[in-house]
Amino acid sequence: MNEEKVDIGDIENGKVDIQDKKVDIKSVLSEKGSDFSVKTTIHIHRLFEKFGFDEVFGRSAVMELLELKGSGASKLLSNLVKADIIEPVSGHGKGKYKFKK
């Protein structure tokens with residue numbers, strides 16, 4: 001096995017990228033040029049870490065993951081669709097989405 005040694009200080013300072021997915025969502029957000037609040041940006045990152053580009057999710061999954069009420073989850077999903085970050089998906093039931101590549 002070829003294991004790279006990592007200094008714990010680098011992890012704490014955010015110098016070590018342990019997930020390629022984080023890079024992908026950052027580039028998506030910067031391309032879209034959306035001015036989201038810090039809280040919304042954190043929500044987007046948490047959703048992306050959980051679902052990535054390929055997994056389908058709906059309002060109930062957003063409510064559970066982000067501990068939001070139904071109206072907050074719906075508003076977040078609506079804003080992400082408007083910002084062209086997620087897209088509705090057919091064939092999985094009503095109100096299902098996935099991240100756009």
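Biologist: What does Phe 99 touch, leaving out residues up to four places away in sequence?
Modeller: This is a predicted model. In it, Phe 99 contacts Ile 25, Ile 44, Leu 47, Phe 48, Gly 52, Phe 53, Phe 57, Ile 85 and Ile 86.

Biologist: And the largest nonpolar core: which residues touch the most other members?
Modeller: The core has 20 residues. Leu 47, Phe 57, Val 62, Ile 85, Ile 86 and Phe 99 touch the most other members.

Biologist: Which elements each supply at least two residues of this core?
Modeller: Helix 2 (20–32), helix 3, helix 4 (59–66), helix 5 (70–82) and strand 3 (96–99).

Biologist: How many bridges join strand 2 to strand 3?
Modeller: 3 bridges, and the two strands run antiparallel.

Biologist: Which residue in strand 3 does Pro 88 stand opposite?
Modeller: Tyr 97.

Biologist: Back to the helices. Where does Arg 46 lie?
Modeller: In helix 3, which covers residues 38–51.

Biologist: What does Arg 46 touch, not counting residues up to four places away in sequence?
Modeller: Leu 65 and Leu 66. Leu 66 is 20 residues from Arg 46 along the chain, and their C-alpha atoms are separated by 7.8 Å.

Methods:
Residues are numbered from 1 along each chain as its sequence is written. This is a predicted model: local features need pLDDT of at least 70, side-chain atom pairs count only at pLDDT 80 or more; totals for chains, interfaces and linings use all residues. Side-chain values use heavy atoms; hydrogens and water are left out. Helices (H or I, at least four residues) and strands (E, at least two) are DSSP runs, numbered from the N terminus. Contact means heavy atoms within 4.5 Å. A nonpolar core is a set of buried Ala, Val, Leu, Ile, Met, Phe, Trp, Tyr and Cys residues joined through side-chain atoms within 4.5 Å. Buried means under 20% relative accessible area, exposed over 50%, partly exposed in between (1.4 Å probe, protein chains only). Two strands pair if DSSP finds at least two bridges between them.
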